[in-house]
Every structure is written in C-alpha cells, then in structure tokens.
Amino acid sequence: MTESMKYYESIRRKYPEAVSKDQFYQIAHISKATALHLLQNGLVPCKDTGKKTRRYTIRTDDIIFYLIDRELHCLLYTHLRAHETLMN
C-alpha cells in the first residue's frame, strides 16, 4: 500500500462519515476561502443546509476523492494563471 493510500485510510478511520467545512479545510490543508470556493462551485460535493453556521456537510469519501484528484491533476488546483505555468 502506498503512503498516499495509508494516509487516506487514516482519514477514513479518524473522521466520521460526514464532516463540516472546518474539518474539510483542516483535512485537505487548504485555507477557509479555498474550501468555501470548492464547496460553493461544486468542485467538492456537499450538502448545503442554508444555515448561517455549520452550513456545509461533506462526506469524508468525497474529501478523499478530492485529495486523490488534486494529487493526480495538481495544475488544475493551483492559483497560477495559465500563462504563468507556461513560463516555468
């Protein structure tokens, strides 16, 4: 089993089936703003209750799928614009 797979399994064991946005950004090591962007734009599936607090519920498996996709397609998740990535 690869290190990544071990990490994903540890996430699955450590967290419940569904987590909050706060837990999501901590698991994914991203900012609160990035987490909100991913959730609001449907890049990570979630249940939106519409409440002011604890608004989003995200399945842990969906977070793991996001992490795998981010690992495989890292350029899709960078903040660089296309012309900046071509310069390097």
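**Entry 1. Conventions**

I took helices (H or I, at least four residues) and strands (E, at least two) as DSSP runs, numbered from the N terminus. The model is predicted, so I noted that local features need pLDDT of at least 70 and side-chain atom pairs count only at pLDDT 80 or more, while totals for chains, interfaces and linings use all residues. Residues are numbered from 1 along each chain as its sequence is written, and side-chain values use heavy atoms, with hydrogens and water left out.

**Entry 2. Overall layout**

I found 5 helices and 3 strands in the protein. From the N terminus on, their order is α-β-α-α-β-β-α-α. I then looked up burial, where buried means under 20% relative accessible area, exposed over 50%, and partly exposed in between (1.4 Å probe, protein chains only). Of the 88 residues, 25% count as buried. The protein exposes about 6,600 Å², of which carbon and sulfur atoms supply 55%; these areas come from the Shrake-Rupley method with a 1.4 Å probe. For contacts I required heavy atoms within 4.5 Å. Among contacts between residues at least 6 apart in sequence, 51% join residues at least 24 apart.

**Entry 3. Helix 2**

Which residues of helix 2 (residues 21–28) are buried? I list Phe 24, Tyr 25, Ile 27 and Ala 28. They lie on the same side of helix 2, because they cover an arc of only 160° around the axis, the arc being that of the directions from the helix axis to the C-beta atoms. Their packing partners are helix 1 (3–14), strand 1 (18–20), helix 3 (32–40), strand 3 (56–59) and helix 4. His 29 follows helix 2 and has a positive phi, near 55°.

**Entry 4. Strand pairing**

I counted two strands as paired if DSSP finds at least two bridges between them. Strand 1 and strand 3 run antiparallel and are joined by 3 bridges; Val 19 has Ile 58 as its bridge partner in strand 3. Strand 2 (residues 47–48) also pairs with strand 3 in the antiparallel sense, over 2 bridges, and here Asp 48 has Tyr 56 as its partner. In a regular strand the side chains alternate between the two faces of the sheet. In strand 3, Tyr 56 and Ile 58 form the covered face, and Thr 57 and Arg 59 the uncovered one.

**Entry 5. Ile 64**

I located Ile 64 in helix 4 (residues 60–72). Is Ile 64 buried or exposed? Ile 64 counts as buried because its relative accessibility is 3%. Not counting residues up to four places away in sequence, Ile 64 touches Tyr 8, Ile 11 and Arg 12. Its C-alpha atom is 9.2 Å from that of Ile 27, 37 residues apart along the chain.

**Entry 6. Salt bridges**

I searched the whole structure for a side-chain nitrogen of Lys or Arg within 4 Å of a carboxyl oxygen of Asp or Glu and found 6 salt bridges. Glu 3 pairs with Lys 6, the closest N and O atoms being 3.8 Å apart; both lie in helix 1, about one turn of the helix apart. Glu 3 is exposed at 61%, whereas Lys 6 is partly exposed at 42%.

Glu 9 pairs with Arg 12 at 2.9 Å, also within helix 1. Through shared partners, salt bridges join Glu 9, Arg 12, Arg 59, Asp 61 and Asp 62 into one network.
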